[in-house]
Amino acid sequence: MRNKAMAMIVTLASLVLSLGFAQDIRVDGSSTVYPISLALAEDFQIINPESRVTVAFSGTGAGFEKFCRGETDVSGASRPITQGEVDLCAQNGIEFVELPVAADGLSVVVNTQNDWVECVSVDELNAIWMPGSSVTTWQDVRADWPDQEIVLYGAGTDSGTFDYFTEAINGESGAIRTDFFPSEDDNVLVQGVSGGVNTMGFFGFAYYVENQDRLKLLGVDGGGGCIQPSPETIAGNTYTPLSRPMFLYFNTERLQSNDTLRAFAEFTVSADAEPLIADTGYLSYPPEVYDAAAERLADLVTGSAFLTFEPGDSVLDAVRSAGN
């Protein structure tokens with residue numbers, strides 16, 4: 001039933017667009033969500049050859065700034081929108097529909113030549129990354145690790161990954177030591193970690209999957225033992241506290257006036273989108289989550305249902321809620 005209904009939506013959208021009413025769509029935001037946005041855009045344009053979807057990434061925070069100024073139609077986010085961003089959108093008269101599109105397990109990685117670290121605890125990650133950290137060498141973390149300087153790579157301050165990691169590990173969004181190499185481009189972080197034996201970094205799971213021959217994935221002990229991110233541990237919410245939902249936010253007014261944007265939004269929560277998401281290395285949600293998101297879209301339910309969302313909370317329950 002679900003596949004048949006979604007196929008009808010895509011067929012109707014294709015018919016509308018084939019009649020010459022296609023309008024451009026601008027997507028920006030998270031570099032973590034970028035592979036998903038790009039895969040969805042490319043496949044949507046194959047189905048609807050008259051459409052044009054441009055996809056860029058400037059980071060979750062910078063993406064929301066553009067979105068809330070009306071410069072983009074869609075904003076990709078690797079964390080929920082914040083109250084400050086909601087207020088910025090409201091100041092500019094912009095309402096939005098929030099759609100979760102995939103799950104991610106934020107991955108902690110080191111160089112492949114690192115043969116002494118297999119797992120780190122949340123407390124150890126906090127000791128390494130907290131503001132004013134006195135950790136400079138591996139030995140500062142554990143006495144039996146080498147007395148060699150740790151070189152750190154992490155998400156830039158405009159990245160939702162940065163916000164999520166600092167909140168989960170250091171207890172406050174934005175709280176972090178300053179002597180690390182930041183970038184909103186995860187490919188730069190991959191290159192940095194793979195370029196030196198004493199490096200450590202963090203970014204989305206898909207970038208590890210894409211570069212796993214160049215990186216070593218660490219397990220993280222959140223109190224229940226050492227667990228690596230994987231489709232199973234992310235889906236089962238056992239990889240805590242670094243599992244997270246990822247989103248696309250759509251401008252509500254333009255959903256009503258831009259048939260191409262509406263068709264693209266419907267496509268992102270259709271059954272046709274799920275294998276595309278899986279191909280990027282991220283985890284698709286169960287069908288009932290996308291069904292609830294499709295209902296939210298159909299009813300143009302505005303606002304965020306994830307402002308207070310925490311790891312372990314139910315994504316389905318959040319999507320079904322009224323939001324804020």
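**Close-up views of a predicted model**

View 1. The largest pocket has a volume of about 400 Å³. The model is predicted: local features need pLDDT of at least 70, side-chain atom pairs count only at pLDDT 80 or more, and totals for chains, interfaces and linings use all residues. Residues are numbered from 1 along each chain as its sequence is written, and side-chain values use heavy atoms, with hydrogens and water left out. On a 1 Å grid over the protein atoms alone, a pocket is an open set of points where a 1.4 Å probe fits, with protein on both sides within 12 Å along at least five of seven lines. Points are joined across faces, edges and corners, and the volume is the space filled by probe spheres set on them. Lining residues have an atom within 4 Å of a point. Here 17 residues line the pocket, and Pro80, Tyr164, Glu167, Leu307 and Phe309 lie nearest its centre. Helix H4 (83-91) and helix H6 (160-170) each supply at least two lining residues. H6 gives the most, with four. Helices (H or I, at least four residues) and strands (E, at least two) are DSSP runs, numbered from the N terminus. The lining has nine nonpolar, four polar and four charged residues. In this count Ala, Val, Leu, Ile, Met, Phe, Trp, Tyr, Cys and Pro are nonpolar, Asp, Glu, Lys and Arg are charged, and the others, Gly among them, are polar.

**View 2. The second largest pocket.** This pocket has a volume of about 300 Å³. Of its 21 lining residues, Ile234, Ala235, Asn237, Tyr285 and Val315 are the closest to its centre. Strand S4 (96-105), helix H9 (231-235), strand S13 (243-251) and helix H14 (315-320) each supply at least two lining residues. S13 has the largest share, three residues. By class, the lining has twelve nonpolar, five polar and four charged residues.

**View 3. Helix H6 and its cover.** H6 also lines the largest pocket. Nine of its eleven residues are buried, that is, under 20% relative accessible area with a 1.4 Å probe and protein chains only. Among them are Phe162, Asp163, Tyr164 and Phe165. The cover includes helix H3 (60-68), strand S5 (107-111), helix H5 (122-129), strand S7 (151-155), strand S9 (199-203) and S13. At the start of H6, a side-chain oxygen of Ser159 reaches to within 3.0 Å of the backbone nitrogen of Thr161. Gly171 follows H6 with a positive phi, near 85°.

**View 4. Helix H3 and Ala77.** Seven of the nine residues of H3 are buried, including Thr60, Phe64 and Phe67. They pack against strand S1 (25-29), strand S3 (74-77), H4, S4, H6 and S13. Just after H3, Gly70 takes a positive phi of about 80°. Ala77 lies in S3 and is buried, with a relative accessible area of 0%. Its C-alpha is 8.2 Å from that of Phe64, 13 residues apart in sequence. Leaving aside neighbours within four places in sequence, Ala77 is in contact (heavy atoms within 4.5 Å) with Ser30, Val33, Thr60, Phe64, Met246, Phe247 and Tyr249.

**View 5. Thr32 and its surroundings.** Thr32 sits in the loop between S1 and helix H2 (34-47). Thr32 is buried, at 0% relative accessible area. A polar contact of 3.5 Å joins the side chains of Thr32 and Asp186. Such a contact is a pair of N or O atoms within 3.5 Å; within protein, one must be able to donate a hydrogen and the other to accept it, and residues adjacent in sequence count only if both atoms are side-chain atoms. Beyond four places in sequence, the contacts of Thr32 include Ser78, Asp104, Thr161, Arg244 and Tyr282.

**View 6. Two nonpolar cores.** A nonpolar core is a set of buried Ala, Val, Leu, Ile, Met, Phe, Trp, Tyr and Cys residues joined through side-chain atoms within 4.5 Å. The largest has 69 residues, and Ile36 and Phe250 have the most contacts inside it. Apart from it lies another core, of 29 residues, among them Val110, Trp129, Phe165 and Met200. Not counting residues up to four places away in sequence, Ile36 touches Val101, Ala102, Met246, Ile277, Thr280 and Tyr282.

**View 7. Backbone details in two loops.** A cis peptide bond joins Thr240 and Pro241, with omega about 5°. Pro241 lies in the loop between H9 and S13. Leu300 is not a glycine, yet has a positive phi of about 50°. Leu300 is found in the loop between helix H13 (287-298) and H14.

Notes
Buried means under 20% relative accessible area, exposed over 50%, partly exposed in between (1.4 Å probe, protein chains only).
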